[in-house]
Number of protein chains: 2
Amino acid sequence: MNKRRITSKELAKLAGVSSATISRAFSPDSRIGSATRDRILSVAREHGYQPNAIARSLNNQRSRLVALVVNAIGNPCEAEEQQLLVHRLQARQLLPIILCCADHDDRLQLMRLASTYQVDHVVVFSDMVSMQDAVDIFHTTKPIIVSFEPLENENVSNIRIDGSAAADEIIEKIVNDGKKRFAYLSGTKSSWIDKLRRKWFADALAKRGLAIEAEAFGDYTYDSGFKEAVLLLHRSKVDAIICGNDVMAIGARDAARRLLGKNTPDDIAIVGQDGIAMAAWDCNDLTTLSLDHVAFIDAVVDLIERHDADLPGPHSITLTCNARWGSTA
Amino acid sequence: MNKRRITSKELAKLAGVSSATISRAFSPDSRIGSATRDRILSVAREHGYQPNAIARSLNNQRSRLVALVVNAIGNPCEAEEQQLLVHRLQARQLLPIILCCADHDDRLQLMRLASTYQVDHVVVFSDMVSMQDAVDIFHTTKPIIVSFEPLENENVSNIRIDGSAAADEIIEKIVNDGKKRFAYLSGTKSSWIDKLRRKWFADALAKRGLAIEAEAFGDYTYDSGFKEAVLLLHRSKVDAIICGNDVMAIGARDAARRLLGKNTPDDIAIVGQDGIAMAAWDCNDLTTLSLDHVAFIDAVVDLIERHDADLPGPHSITLTCNARWGSTA
DNA sequence: TCCGTTTGTGTAATCGTGTACACAATCATG
DNA sequence: CATGATTGTGTACACGATTACACAAACGGA
């Protein structure tokens, strides 16, 4: 128990071959006699030998580690994608290292630490990280996979999201229902993706001679949605709130209903963004601007695979969002 | 751009020293002239040098990687703990590798893959993994940190949870409210922790001459909570459902309310377990048997630190749960 | 001044694989 | 049967750091 892991050289001695042959036995297509391989694999199983991935990485210059930079783990607005991606990576024998950090400086520090582990790929889900920072830190690794922010850089692939059409549909419906005064509740003060999303709705409103009348900033959590909605509804008479994500929308809905007795969709319309599973729960039934998570992760995985196969150049993929109708708008 | 990472030997040449001295410059307490260190660090910064953690790990026999075995990432019943733990690990310069897999065989395969990376610690959050499997796979690493299942093994530290008192309180209240017929909705068919939790409630009922009348099995998700509650309520006339976690409880509540018009707590009592943040949201307001997540993760981190410092022997810590009152029971 | 201790640095081995190269044995082919 | 291709294996080095050991210089106390 607790004894040292057996090494390839030791196994070589046990099997009466050289350590090179051990290595070959574990490489799918390498010149080795099938009898030798079988014998080695059997001896290996017997002694619990597994090649040391750290040593292999050092030699290969490939760690098969992937850094996932995320805002938070708990927040459902990202969790579904994280979950999907982790599964897909694991199926490809890639191991995800999670980097998750609230504070800006810490996050850079953390990314530097991860870069030290020679990660093969980097996926940035967090909108709190500037792509330039990511490139500076990981420029020695091969191209970076980015989720949203486009950046002119040979190392950066990205995925663009277009929700303008869906936002237009949603605004159309709400305006037809007689609502006129819109508020936008952002998820962050200054993230690239948040501004983009806001613009989709602002454009749809402008098209109809309307505008965002009131504005607030949260942090993508239920509590912030609740709190900011209360403040918002006290200081202005809006009858529709577009929220930066679904969780904040649920918070805003609760605040309106509980503290001000306003119900959706009659008294007030509330719209979320992301299209997480929870938004469709019976108790929420949210109208939301939804992104197809599977398609999204498919795209990410596609970029990673291109990258893993050393295919040239970064790529860009565009996905469009859909409206998902609930009873809140 | 995209140029190879500079190596310690190259930096040594640039700084006019040997590579050993480079290494010393990056080791906090090693014999090196402070002038030399400053010069090296400055040259290093200039050329973007960072020691290669893979190479260091190979030499050190310490990877500073931690494997986190979890049921799922998206499910809030674990997510809060995962989030907390990841933060705490990162603060200690430990990088978490997430292992998350639905299928049993895949999970073992995955754990083997991770063991290959010489992880320093293993935290098993998942109740789907037998501790014996974990020990077999990771026996070459130093002791394993385990969350729940106790196992007599010199490599396994664990955290025991005691919710019997809190379960008793909750049952007391529900019985006082006039409920008599209890159902238990499990999270899994055969996990150690699930049986333990069920026992807390069964004992509390037995003390009052009652018993679990009906039973069902879900998978810790909202959908399974919803679906199983419908089946349960159709086949038996229970007036209280104890659920394996909060998310299933929310599903069960929705099912009762929507499909059968039964409201909590008057028509039916519903109890969750975990005490996740979402349970306290205004729209849920769940009564739940809650575990203090911070205390829990403190305990995990404590075990890891002991372990990291090579302190002898595995340890065991017991935490007690509390009742958290909402309007569902 | 002399000797023992401390300080700073270089040399070389080590961690566990993968693989280029060399070479012997086997095989196919005419 | 001769020859060239193919197959199987061993030797030796590389990957990039850490560290035991050696040694020179500086230093302190008598």
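## An exposed arginine in chain A

R45(A) is exposed, having a relative accessible area of 66%; exposed denotes over 50% relative accessible area, buried under 20% and partly exposed in between, with a 1.4 Å probe and protein chains only. This arginine is found in helix α3 (residues 34-47) of chain A. Helices (H or I, at least four residues) and strands (E, at least two) are DSSP runs, numbered from the N terminus. The C-alpha atom of R45(A) is separated by 40 Å from that of I137(A), and the two residues are 92 apart along the chain.

## Basis of the description

The model is predicted: local features need pLDDT of at least 70, side-chain atom pairs count only at pLDDT 80 or more, and totals for chains, interfaces and linings use all residues. Residues are numbered from 1 along each chain as its sequence is written, chains are lettered from A and ligands numbered from 1 in the order in which they are written, and side-chain values use heavy atoms, with hydrogens and water left out.

## Surroundings of DNA strand C

DNA strand C is surrounded by 26 residues, of which the closest are S8(A), R56(A), T21(B), R31(B) and T36(B). A residue is near a strand if one of its heavy atoms lies within 4 Å of it. By class, this surface has eight nonpolar, 14 polar and four charged residues; Ala, Val, Leu, Ile, Met, Phe, Trp, Tyr, Cys and Pro count as nonpolar, Asp, Glu, Lys and Arg as charged, and the others, Gly among them, as polar.

An N or O atom in the side chain of R31(B) is 2.6 Å from a base oxygen of DNA strand C. Two or more residues of the surface near DNA strand C come from each of α2 (19-26) and α4 (53-60) of chain A, and α2 and α4 (53-60) of chain B. The largest share, four residues, is that of α4(A).

## Helix packing in chain B

The axes of helix α2 (residues 19-26) and helix α3 (residues 34-47) of chain B come within 9 Å and cross at roughly 90°. These two helices are therefore roughly perpendicular to each other, a term for angles of 65 to 115 degrees. The contact (heavy atoms within 4.5 Å) involves T21(B), I22(B), R24(B), A25(B) and F26(B) from α2(B), and T36(B), R37(B), I40(B), L41(B) and A44(B) from α3(B). Six nonpolar, two polar and two charged residues make up this contact.

## Backbone features

A cis peptide bond, with omega about -5°, joins T264(A) and P265(A). P265(A) is located in the loop between α11 (246-260) and β9 (269-274) of chain A. In chain B, the peptide bond from T264(B) to P265(B) is cis, with omega near -5°, and P265(B) is in the loop between α11 (246-260) and β9 (269-274) of that chain.

Q93(A), a residue other than glycine, has a positive phi near 60°. Q93(A) lies in the loop between α5 (76-91) and β2 (95-100) of chain A and counts as partly exposed at 44% relative accessibility. D274(B), likewise not a glycine, has a positive phi of about 125°. D274(B) belongs to strand β9 of chain B and, at 10% relative accessibility, counts as buried.

Methods
Axes are lines fitted to C-alpha atoms, for helices over the stretch in contact, and angles run from 0 to 180 degrees between N-to-C directions. Angles under 35 degrees count as roughly parallel, over 145 as roughly antiparallel, 65 to 115 as roughly perpendicular and the rest as oblique. A polar contact is a pair of N or O atoms within 3.5 Å; within protein, one must be able to donate a hydrogen and the other to accept it, and residues adjacent in sequence count only if both atoms are side-chain atoms.
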